[in-house]
Amino acid sequence: MKVSILQFPGTNCEYDTEYAFKKLGADTEIVWHKSQNIPNDTDLLVVAGGFSYGDYLRSGAIAKFSPVMKAVAEYAAEGGKVLGICNGFQVLTEAGLLPGALKRNEGLHFISKHHHLKVVSNDNVFLKKLSNGDVVNIPIAHHDGNYYIDEAGLQELEANGQVLLKYTDANGEIQNPNGSVESIAGICNKEKNVFGLMPHPERAMEALLGSADGVNMLQGFFES
Amino acid sequence: MIKAIVNVYLKAGVLDSQGKAVHHALDSLGFNAVKDVRVGKQIVLQLDETDKEKAMSDVTEMCEELLANTVIEDYNIELV
């Protein structure tokens with residue numbers, strides 16, 4: 001299992017992501033955004049979190065023009081698995097690889113805390129180790145995590161099982177921290193090979209640090 | 001030289017949380033005549049161009065590709 005992790009100027013979760021996947025037994029490689037291609041043996045490409053280009057203009061808006069993004073689009077089009085976490089999710093929506101957009105949090109504050117999420121659709125490689133209705137406890141840390149999609153787009157997401165995760169309380173009841181449409185925390189594309197979520201599973205790998213619920217999420221990618 | 005002023009706002013129908021917060025603050029200050037507030041951003045471009053039509057079409061392309069995210073934002077362009 002080879003995980004390649006994208007690094008833009010301002011990315012700051014690449015080493016946490018590397019730690020998480022190494023802990024699960026993967027080989028990892030950090031790929032600088034100026035690279036024209038991604039490693040040939042990549043089984044999973046992760047667009048890591050952070051503040052690419054300082055979030056200037058809009059989160060992810062400038063990163064989408066980095067040289068490596070052309071290779072990312074080609075990799076995704078060929079069915080390669082792509083996971084965008086936090087800023088990575090924002091980059092993937094800006095690049096048009098995932099539908100919708102991430103707006104400023106409804107309360108306007110940067111939110112940094114553990115939050116519960118409910119699995120809505122496990123019919124995909126990412127969440128197949130979990131069951132629908134499972135509740136996990138995962139850190140969130142974002143200013144622009146307010147997922148927006150228009151009504152028609154939402155219906156399409158729901159019809160295709162593309163809504164992966166929703167923000168809830170510990171009992172799985174909807175609890176929306178940031179104003180996201182339908183409390184959505186994570187989605188995938190129609191082909192179910194490109195995934196994006198605002199919460200940070202790579203920061204939930206050690207029970208000692210508050211939660212190890214990220215292990216079961218990221219492990220989904222290890223079994224075909 | 002042509003100066004282009006680009007205004008970018010959230011689309012009507014997309015909740016503008018910043019506008020709502022500013023509206024609330026103005027209301028608290030006693031400016032009760034304010035009925036709606038939209039907060040956007042202004043991007044000012046200096047173009048090495050003399051043809052206004054060309055400038056307009058270039059800036060429109062810039063908006064579509066980068067300056068606005070048309071999933072959630074509208075824009076308007078003023079040439080000076």
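This is a predicted model: local features need pLDDT of at least 70, side-chain atom pairs count only at pLDDT 80 or more; totals for chains, interfaces and linings use all residues.

Two strands are taken to pair if DSSP finds at least two bridges between them.

Strand E1 (residues 2-10) of chain B pairs with E2(B) through seven bridges, in the antiparallel sense. Within this pairing, Val8(B) has Lys41(B) in E2(B) as its bridge partner. The sheet as a whole is open and has three strands in the order E2-E1-E3 (chain B), paired antiparallel. Strand E2 (41-47) and E3 of chain B are at the edges with a single partner strand each, so one side of each is left without a neighbour in the sheet. From one strand to the next, the twist averages 20°. A helix accompanies this sheet: H2(B) lies across E1, E2 and E3 of chain B, and runs at about 155° to E3(B).

**The fold of chain A**

Chain A contains five helices and eleven strands. Along the principal axes, its C-alpha atoms fill a box of roughly 45 × 35 × 35 Å. Of the 224 residues in chain A, 53% are buried. Among contacts in chain A with a separation of 6 or more, 74% are between residues 24 or more positions apart.

| Element of chain A | Residues | Buried residues |
|---|---|---|
| Strand E9(A) | 163-168 | six of six |
| Helix H3(A) | 87-94 | eight of eight |

Strand E9(A) has pairing partners that include E6(A) and E10(A). Strand E6 (residues 111-119) of chain A is joined to E9(A) by four bridges, and the two run antiparallel. Strand E10 (residues 184-188) of chain A pairs with E9(A) over three bridges, also in the antiparallel sense. Leu165(A) takes part in both pairings: this residue of E9(A) is the bridge partner of Val119(A), and it stands opposite Gly186(A) in E10(A).

In helix H3(A), the buried residues include Phe89(A), Val91(A) and Leu92(A), together with Asn87(A) and Glu94(A). Against which strands do the buried residues of H3(A) pack? They pack against strand E3 (44-47), strand E4 (81-85), strand E5 (101-103) and strand E11 (194-197) of chain A. After H3(A) comes Gly96(A), with a positive phi near 80°.

**Where the chains touch**

Eleven residues of chain A are in contact with eight residues of chain B. The chain A side of this contact is made up of four nonpolar, two polar and five charged residues.

Val71(B) gives a particular view of the contact between the chains. This residue is placed in the loop between helix H2 (52-67) and strand E3 (73-79) of chain B. Neighbours within four places in sequence aside, Val71(B) is in contact with Gly100(A) and Ala101(A).

Is Val71(B) buried or partly exposed? A residue counts as buried if 20 or more other C-beta atoms lie within 10 Å of its own. Val71(B) has 19 within that distance and is therefore partly exposed. Inside its own chain, Val71(B) is 60 residues from Lys11(B) in sequence, while their C-alpha atoms are 8.6 Å apart in space.

Definitions and conventions:
Residues are numbered from 1 along each chain as its sequence is written. Chains are lettered from A and ligands numbered from 1 in the order in which they are written. Two residues are in contact if their C-beta atoms, placed from the backbone, lie within 7 Å. Ala, Val, Leu, Ile, Met, Phe, Trp, Tyr, Cys and Pro count as nonpolar, Asp, Glu, Lys and Arg as charged, and the others, Gly among them, as polar. A residue is buried if 20 or more other C-beta atoms lie within 10 Å of its own, exposed if 12 or fewer, and partly exposed in between; C-beta atoms are placed from the backbone. Axes are lines fitted to C-alpha atoms, for helices over the stretch in contact, and angles run from 0 to 180 degrees between N-to-C directions.
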